[in-house]
Amino acid sequence: MKETEEKQERYTIQSIDKALDLVELLAERGSLSLIELTELLNQPKSSTYRILLTLENRGVIARSDEDGKYCLGYKLLLVTKHLLERNNIRTAAFPEMKKLSDLFGDTVNLGVLLDGEIMYLEIIESIHALRMTDSVGSKSPFHATAMGKAITAYLSEQQLEQLMDQFGLPPFTPQTITSKVRFRQELEKVRSEGYAIDDQEIVEGARCVASPIFGMFGQVYGAISISGPMHRYTADKIPELSRHVAAAAAAVSLKLGHVLTPAADPNLQF
């Protein structure tokens, strides 16, 4: 392991490494000045300026005429567009998401686990005035969302423990699960029923139902969810919602090469 790490460090191009650090800082902070970036990167001002100039010339970052601070450039939007267009899970999921959206009229989401949070890859917004929605690229906590539960239910025990230790189970509403024991019980229920529920755990007055998406070798890739306000997502509505969400996730998994289990119902009609 030590030899591998030393080899990786030996072949790393430090200037590229610093440039990527800079891009990640701007993605996290929004905009930063040359001085702020220099301090955060812990390198000479001249080195930071050369990186900024190179990235600006390529359109990766841009400089504001108003305050002189730097932010991400439009070139990254183009890169992101191509990434999303070529993302297999997004391509496979969108038709199934559209079916759910047409059937129920509520917000349908596609998410993956990234750096301890659920990142939204695709969203079809609700047709209703009162709706629950995020934006593509935004993130939500893994323990307080239906998609987060649907995905983490199929991680290894080691991965799950690492997530809980590193990011914790902070409360967002009085309904948020904040106990490791209780969260594990919730994940066991997800595995048993094939779907997860966010019952006002991140936004009071809102519910969400999600099911996991699997790849060819049985690994969990992501999840599909549908969300809406409590008055439309009453307890008697959950069984119907869960059947359709589970069927949509199973259809996406099939497209990704996953062999369906006997419990799955790919013939469920929308």
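Student: At roughly what angle do the axes of helix α8 and helix α9 cross?
Tutor: The model is predicted, so local features need pLDDT of at least 70 and side-chain atom pairs count only at pLDDT 80 or more, while totals for chains, interfaces and linings use all residues. Residues are numbered from 1 along each chain as its sequence is written, and side-chain values use heavy atoms, with hydrogens and water left out. Helices (H or I, at least four residues) and strands (E, at least two) are DSSP runs numbered from the N terminus, and axes are lines fitted to C-alpha atoms, for helices over the stretch in contact, with angles from 0 to 180 degrees between N-to-C directions. The axes of α8 (residues 157–167) and α9 (residues 180–193) come within 12 Å, and they cross at roughly 135°.

Student: Which residues of α9 meet α8?
Tutor: Contact means heavy atoms within 4.5 Å. From α8, the residues involved are E157, L160, E161, M164 and D165. Their counterparts in α9 are K180, F183, R184 and L187.

Student: How many residues of the contact of α8 with α9 are charged?
Tutor: Ala, Val, Leu, Ile, Met, Phe, Trp, Tyr, Cys and Pro count as nonpolar, Asp, Glu, Lys and Arg as charged, and the others, Gly among them, as polar. The contact of α8 with α9 has four nonpolar residues and no polar ones. The number of charged residues is five.

Student: What is the order of the strands in the six-stranded open sheet?
Tutor: Two strands pair if DSSP finds at least two bridges between them. Here the pairing is antiparallel, and the edge strands, each pairing on one side only, are β5 (139–141) and β6 (196–199). The order is β5-β4-β3-β8-β7-β6.

Student: Which residue in β7 is the bridge partner of I197?
Tutor: Strand β7 (residues 206–214) runs antiparallel to β6, and four bridges join the two. The bridge partner of I197 in β7 is V209.

Student: Is S242 buried or exposed?
Tutor: S242 lies in helix α10 (residues 238–255). Leaving aside neighbours within four places in sequence, S242 is in contact with Y195 and V209. Buried means under 20% relative accessible area, exposed over 50%, and partly exposed in between (1.4 Å probe, protein chains only). With a relative accessible area of 6%, S242 is buried.
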